[in-house]
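Hello,

Here is the structure I promised to pass along. Have a look at it first, and then read on for my notes.

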Amino acid sequence: PHQLQRSTTPSDSESGGGGERQRLRHLDGTIGALGRRSRWQQALGVLQMEVLGQGLQPDAGTYSAAVSACGAGRAWRAARAALADATLAGLQRNVVVLSAEMAACGKGGAWEAALDGLGNMRCWGLEPDVFACGVAVSACEQGRRWATAAALLGGMQHEKVEPNVIVRNAVLSTCASAKKWSGAMTVLGGMRAALCELSIMTCSTVIRLQATEEHWRSALAALRALRAGSLEPAHATFTAAIAACDAGRRWASALGLLQLMSDMATLPNLITCTAAATACRADGLWLIALQLVASLAHSRTAPDVTSFNAVVAACQTGGQWREAMAIMEGMAKASIQPNSATCGAVVSAAEKGGQWQWALQVVSAAQGQGPGVDTITYNAAMSACLRVGKWGEALGLMENLVSSSLRLSVFSYGLAFQACQQGLLWQRALGLYAEAQRAGLKIGAANFGLLARACTDA
């Protein structure tokens with residue numbers, strides 16, 4: 001019922017022999033194959049040169065393939081132009097091809113244009129089906145327009161277009177991406193009321209949304225409900241549940257989920273092990289985190305920088321600066337380049353351990369070898385120096401920070417004021433305050449107090 005129609009005369013039909021139709025279907029397949037490889041320009045070239053250029057009469061299938069190819073390449077403007085050409089060629093608009101245009105707009109980030117397509121269908125006397133509405137909802141998901149997606153879902157029910165589980169999951173995912181708890185729960189309640197079968201994707205989305213300190217218990221309950229329904233949770237589902245445990249500071253529950261995966265013969269992968277190691281961070285359980293990362297060798301998966309960063313962060317929380325340094329050195333030996341997060345965690349661990357020399361050494365090495373140093377790392381190194389009265393070194397770090405392209409923070413100036421107070425450098429403190437003013441930073445009452453003490457103590 002939704003095939004695009006062309007007005008034809010008997011002579012048109014007779015002149016288009018079986019050979020032409022076979023040739024056209026072959027070219028449709030070529031256009032579709034190019035689209036799947038995101039080669040939309042070449043797909044349009046086939047349409048122009050080998051279809052229209054050879055006198056063939058493209059039909060709904062041809063233009064649908066061309067529009068979809070543009071969508072795969074996120075070229076939504078080209079998709080709309082192709083559809084406009086189809087209309088000028090005498091092809092009647094229909095739901096399927098217009099849905100393909102909407103999908104192209106959604107993939108290209110033009111969610112408003114996709115919604116316009118839904119409105120245009122009604123203006124042209126066409127009734128959007130569940131697929132067209134689903135495309136519009138997916139476009140809202142791409143544009144993070146959760147309220148619009150929820151309104152579309154409500155409109156479908158009002159117009160007696162029964163939304164399927166795919167459409168409802170898209171609305172649920174949009175609410176989850178926007179962290180709209182109440183909206184997601186409303187959608188989930190509607191699914192239960194409509195007796196929709198909850199899929200793995202549904203439960204995974206709910207668990208991901210509940211990965212907060214307040215709702216971690218609900219996330220685990222959703223995982224239990226998934227298993228009670230005889231559905232096998234995927235890796236992504238377990239990862240979301242482990243992240244919820246992390247948010248609730250329930251590292252033992254996170255490790256229990258890893259054990260559950262093993263019991264189900266689902267081998268934890270890099271992402272799930274890293275999530276579990278991250279859950280150990282808050283309580284400084286660096287040895288457990290390290291064992292989790294080391295266990296990846298049994299799954300023939302090499303740990304990456306994010307995995308090691310989780311271990312280093314656990315060392316930082318636990319004040320294990322030696323272990324943090326050793327892990328960063330081990331990363332280099334394993335040809336894994338530490339990044340700014342690694343350096344920041346190691347410097348913070350050195351700060352907690354009162355190891356200002358090591359903090360300076362890490363900052364110096366990071367500046368010379370590539371990973372770079374961010375503002376937080378500079379601040380941690382400055383704090384390590386100030387703990388033992390090394391105000392000169394702290395001011396040297398501040399000078400490096402000011403001369404870098406990094407954005408200075410109010411906390412950085414507060415540390416610099418403390419260094420000036422220790423060194424009795426009131427003029428330097430006033431100079432730093434003037435720099436902060438020029439940078440448009442409001443240093444706040446606490447830092448004004450540090451500035452005042454730097455001036456009065458001198």
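How many aromatic pairs does the structure hold? There are two aromatic pairs, and I go through them below. Please keep in mind that this is a predicted model.

The aromatic pairs

In one of the pairs, the ring centres of W321 and W358 are 6.2 Å apart, and the planes meet at 40°, so the pair is tilted. This pair links distant parts of the chain, 37 residues apart: W321 belongs to helix α19 (residues 321–333) and W358 to helix α21 (residues 356–369). W321 counts as buried, because its relative accessibility is 12% and the cut-off for buried is under 20%. W358 has a relative accessible area of 30%, so it is partly exposed.

The rings of Y433 and F448 also form a tilted pair, since their centres lie 5.5 Å apart with the planes at 55°. Here Y433 sits in helix α25 (residues 426–438) and F448 in helix α26 (residues 444–457), so the pair ties together parts 15 residues apart in sequence. F448 has a relative accessible area of 40% and is therefore partly exposed.

The overall picture

The protein is built with 26 helices and zero strands. It has 458 residues, and 45% of them count as buried. Of the contacts between residues at least 6 apart in sequence, 64% join residues at least 24 apart. The protein exposes about 22,300 Å², with carbon and sulfur atoms supplying 54% of that area.

The nonpolar cores

In soluble globular proteins, nonpolar side chains tend to be buried together. In this model, the largest nonpolar core has 72 residues, and the members that touch the most others are M398, Y413, F417 and L432. Beyond its neighbours within four places in sequence, Y413 is in contact with M398, L408, L432, E435, A436 and L441. A second, separate core holds 34 residues, among them M102, A110, A113 and C175.

One more residue to look at

V96 lies in helix α6, which covers residues 95–107. The C-alpha atoms of V96 and A132 are separated by 7.7 Å, although the two residues are 36 apart along the chain.

Best wishes

Conventions: Residues numbered from 1 in each chain as written. Predicted model: local features only at pLDDT ≥ 70, side-chain atom pairs only at ≥ 80, totals over all residues. Heavy atoms only, no water. Helix = DSSP H or I, 4+ residues; strand = E, 2+ residues; numbered from the N terminus. Buried < 20%, exposed > 50% of the residue type's maximum accessible area, 1.4 Å probe, protein only. Contact = heavy atoms within 4.5 Å. Areas by Shrake-Rupley, 256 points an atom, 1.4 Å probe, with all protein chains shown as cover. Core = buried A, V, L, I, M, F, W, Y, C linked by side-chain atoms within 4.5 Å. Phe/Tyr/Trp six-rings, centres within 6.5 Å; stacked < 30°, edge-to-face > 60°.
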